[in-house]
Amino acid sequence: MNLARLSKEKVAENIKLCRGELEQAIASRNFSTRFRQVASLKSCQVFGYFARVYGPPDSPMRDMAHYFAVAREMGLVDKLSSRYFESVLSSFKNNVITGELLLPLPEICLGDFSDEIAHLLVKALKKHEVPAQRVILVYPHSSPFLRPIGHSASKNLMKELRHLGFGLAAQGIGCTLDESVFLADWQPSVLLLDEQHFEDMDFQAASIERLRTLIEIETRRGRQVLAQGITTSSQLHKIRGLGIELASGDFIGKFTSKPCDKLSAAACQAISKSCGSISKPQEFIPLLERLLIKRSPVSTETPAEEVFKLFEAEASLRAIAVVKNGLPVGLISRYDMIDNMARPFRHELFGRRPCDRFMDPDPLVMDVGINLAELTDMVIRADPRHLVSGFIITRCGSYLGMGSVQDLMREVSAMQMEAAKYANPLTQLPGNVPINRKIDKLLGERAEFFVAYCDLDHVKPLNDVYGYAKGDEIILLTARLLSEAVEPETDFIGHIGGDDFVLIFRSKDWKARCEKALKRYEKEIQAFFPPGDIEQGGYTATNRKGEMEFFGLTSLSIGAVKIEPGAYASYLDVATVAAEVKKKAKAIAGNSFYVNQRRILPHSYTEAGTSDS
């Protein structure tokens, strides 16, 4: 809320427009708070939440900077500050279990009102039982507006707040922090890196090194650097390379009315990639569990008037679930409720009657463990009304919380974009990075599974004789047959590149699936060769030595290995053994299937015997 951006004429105009509106908003406490996650890039967890307060939803000027400017002229800064703090702290207390609260201090509070502001903040903390140690006060940007006020009041406020145990966040990277404002023994613990520092990361190497040096200096001083405005995985990867430990922005999570204790799926994947193995990565948490909005339902007997008040109190509330004996039976849409109750005499007629007369008895309900394919299919087939009101999330039929279709689509889009980045351009199957992550995930879960390494034989002479287009067609055939061999719910297929594929099986009939794929390949591959080559079982081509050699028809080799819990440290270990097994499969003429039978000791490759299958 930067008052420097407001001209004197604009402030004067706002004062005329907002006098009555401000008094009404203060009296009715009609303010709303939004929260945005701050990610810890070390743990892939939520470090805390930025808070942002808005004025009444029906106001043409919801920016709190406008309201504080008007309040200053009207002598209502203390009352507005009280509502400001209460709005943030009540929402934070009611919805968050862990994490820090990053609470921006309004610029105007740093003036002559410092003692009163400190008192109001402490009063609000006590009322909502939020410890000061969990609150990090965000010192506003320096601006021309602050100059006539002077620093003495700011120092007094800082002194008051320091003794109470608050943390402090402020601008500081690149010499923008005026440290004379702060006390020598209460320096900021978090420094905010504005998005302008990295919105174009292609600047000169010297500038990058200077920024990295500044960050290293602040880290040695015990401060954490928080990069704001992260909108892409590329930005996140680059700031991680600079040694930054905290980040926020649309890519991490958008502002929401209820603090979300999960990072976005795309952010989790990017952090995992950037930071290496993490003990409990959030990308493995079911999608709906990440998107779950923990909102209390109402019962079928709740009076309609009480439900109406809930909508009035929270402008962003779109729908409320109706439950009976813990099971969801309906959904009350904000728009339906307000449309009905706003009509003449509706409050008098229906206010005290049960709310179930206003509910949709056929809401969109999804179990928290539903897979992505079923989930997206349900949304596509859903009635348009659900796109606005959202859906109910259950666990084994019991009410768990609510979900937003917009949040769901954003997450699915982010996941698809992330997957497309690593997909093979020919087959569109997941490439090396997703394959490695899948293996590491299963290893981390100490799961038992099988890895089958598939490779085509004699591809080079095929390309030389029949052309690369024919080779691509055969690779696409192989991708289709292997994709049909896996069970989407439990198995995984990836395309390493060229003519190499990896199948990861948890299906019990995995061996039969591989054998079936080989038989189908043996039959369908004949359509790619002329009758003469099929009859003689191959063709003549120049080998790597420049000599003519007879090559058999392109065949498929599959080498499989069982992965037992604790036997491998990472995907690198699995890849080493899978490559060895694939070589043995390729040593067998024609279409072949080799299953590793050797015993693997933890983190070693001591062979206890092998045999073919």
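Guide: A charge is said to sit over a ring if NZ of Lys or CZ of Arg is within 6 Å of the ring centre and within 35 degrees of the ring normal. The charged end of Lys 582 sits in this way over the ring of Tyr 453, 4.6 Å from its centre. Likewise, Arg 357 has its charged end over the ring of Phe 358, at 5.9 Å from the centre. The model is predicted, so local features need pLDDT of at least 70 and side-chain atom pairs count only at pLDDT 80 or more, while totals for chains, interfaces and linings use all residues. Residues are numbered from 1 along each chain as its sequence is written, and side-chain values use heavy atoms, with hydrogens and water left out.

Turning to ring pairs, rings of Phe, Tyr and Trp (its six-membered ring) pair if their centres lie within 6.5 Å; planes under 30 degrees apart count as stacked, over 60 as edge-to-face and the rest as tilted. The whole structure contains 10 aromatic pairs. Phe 450 and Trp 510 are stacked because their ring centres are 4.1 Å apart and their planes lie at 20°. This pair links distant parts of the chain, with Phe 450 in strand E15 (residues 449-456) and Trp 510 in helix H19 (residues 510-524), 60 residues apart; helices (H or I, at least four residues) and strands (E, at least two) are DSSP runs, numbered from the N terminus. Together with Phe 505 and Phe 593, Phe 450 and Trp 510 form one aromatic cluster.
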